[in-house]
Amino acid sequence: MNKAYSDNRTIQILIAVLKGHGIRKVVVSPGTTNFMFVASIQNDEWFEIRSSADERSAAYIACGWAAETREPVVISCTGATASRNYLPALTEAYYRKLPVLALTSMNNSALPGNNIPQIIDYSKFPADVVKISVSISDVYDGASEKKCVILANKAVLELFRTGGGPAHIHLMTKMSDEFNTKTLPVSRIIKRYQYADTLPDISIYARIGIYLGSHDPFSKELTEYMEGFCNQYHSVVLCDHTSNYKGKHRFHSSYVAAQEYLRREDYVFDLIIDLGEVSGDYYQFDVNEVWRVSVDGEIKDRFGKLTNVFEMDEKSFFRYYSALEVKRRKREDMLKKLTETDEGLRRNTPDLPFSNIWIAKNSSMLLPMGSVVHFGILNSLRAWNFFEIPESVYSYCNVGGFGIDGGLSSLIGASFADDEKLYFCFLGDLAFFYDLNAIGNRHVGNNVRIMVINNGKGTEFRNYSHPAAVMGNAADDYVAAAGHYGEKSHSLLRHYAEDLKFQYLAANNKNEFLEKINVFMEPRLTAQPILMEVFTDSEDESKALNMIRTVIPQPKAKALLKNAIGEKHYKAFAKKMRRK
């Protein structure tokens, strides 16, 4: 047999990840389903391999080897009852915090429970056997490769986390007897850092940004540390309305990042510091590498470029890097660059049709000082993310589970916190009617303001950029689900709201909206809570989204070709064409 690695991509990635984390020691047991892994590593001098025909003994050998060397040890066997013999030693490793990584291998062409030989159920483990168990299948495209890389790193990192302990990877791969791969793929290695560790060098990166998903409001102290970091590294804090960051280096990024014809190569970050949780802002800039900072220390690969996880609070991270003496180097002021681009877009924003986006544009800066806003997903949050709101206003959205349910109830619950503060909610008709009962709660106070953008359907599915757009009007039947909740009735919600002692307002066009918006935005508490219903059309909603995303016009064919193939290849192509 050639001295090479298995042609199975999953096996190659796994081996590359083990080597990337410096793991050398392996105890193998004979078997068929694990032979691709075993044959591959025995051809690689990096690994120190020992054989044990008895899996129970093999796992205990790994315990002794790991305890003596304080290094992780891999054990490999087939996925049938042989692997069950690992349990006693893995239990030992669990209680002694020994870094033993169990690799069990199974042919992925069969499912457990179908009377197929050597296929058993791995869905449940005793609580004190391994710290983590992941299943990795065959790699067949970019998404499956990304998943394989993340899961392999996740399992390996758990060997060292919180004192260490055993982990498990269940390999479900098709058998292959081809060993022609001479070089392992360059697989991404994800590392985890904690308070006592020596943290990696950040001075090598030129364009550094901070990305903020949904986040609680920032303390003054944390804001100062982040601003100090931004000053030192010429960084920018990329935010949306759920980020709740109010520092000087804050940049509301949706408008620029959403541009379909933006020269994205001009805005690539070398490094993004990733903070916060799920973001409802789908528009992002490109990045080469990502560091995530969170006290949970979990691998959350938002950009698909994660390399380091810092299991620590954000204040400690920024305090450390802000205090470093860094070498002077040329760093582009990304805040200035992005701000200039954003200002250019806003100067050229076209006259939008009456829509959720137009409403946000003409309402955002009218929000009373010190108020709180809740947005519905997806259309309302996206529309408002194109525009700034007053600095004193904090905003939220149910982006955790990211469903349309519960937006009103969350608003009502928040409004109980302070009877003297105004709480606003902007959401679409489907989200509103889904949670309709919330406004009937007898504790609803006069500090509540709700705006319902009623387009009579899930207009998201009629947007030009949605996959269902190809269906045209047919999408209304069952995809966009038009026709529910009164089909844009002008009396249904009015009567309901008024019977519940709400002041009801309605607008059917721009003029009516502008006449009534100041009543809705009245900064003082009114005698009643207010509900404003605004009737829009799905075609106008789609048109507005297209217009706001194409303020930068589509480049001509020449520019498109140059961007696609690069300056060097374009010149060669043009020279060749001139000769013809």
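Student: D44 first: buried or exposed?
Tutor: D44 counts as buried, because its relative accessibility is 9%. Buried means under 20% relative accessible area, exposed over 50%, and partly exposed in between (1.4 Å probe, protein chains only). This is a predicted model: local features need pLDDT of at least 70, side-chain atom pairs count only at pLDDT 80 or more, and totals for chains, interfaces and linings use all residues. Residues are numbered from 1 along each chain as its sequence is written, and side-chain values use heavy atoms, without hydrogens and water.

Student: Which residue does D44 form a salt bridge with?
Tutor: With K19, where the closest N and O atoms are 2.8 Å apart. A salt bridge here is a side-chain nitrogen of Lys or Arg within 4 Å of a carboxyl oxygen of Asp or Glu.

Student: How many salt bridges does the structure hold?
Tutor: The structure holds 30.

Student: What about D274, which partner does that one have?
Tutor: R302, with the closest N and O atoms 2.9 Å apart. D274 lies in strand 11 (residues 271-275), while R302 is in the loop between strand 12 (290-294) and strand 13, 28 residues apart. D274 is buried because its relative accessible area is 1%; R302, at 25%, is partly exposed.

Student: Which residues do shared partners join into one network?
Tutor: K131, E158, R161, R192, E298 and E311. R192 and E311 form a salt bridge, with the closest N and O atoms 3.7 Å apart.

Student: Changing topic. Where is V399?
Tutor: In the loop between strand 15 (394-397) and helix 13 (407-415). V399 counts as buried because its relative accessibility is 2%. S279 is 120 residues away from V399 in sequence, but 6.4 Å away in space, C-alpha to C-alpha.

Student: What is V399 in contact with?
Tutor: Leaving aside neighbours within four places in sequence, S214, V278, G280, I377 and L381. Contact means heavy atoms within 4.5 Å.

Student: Last one: how many helices and strands in the protein chain?
Tutor: 20 helices and 19 strands. Of the 580 residues in the protein chain, 53% are buried.

Note on methods:
Helix = DSSP H or I, 4+ residues; strand = E, 2+ residues; numbered from the N terminus.
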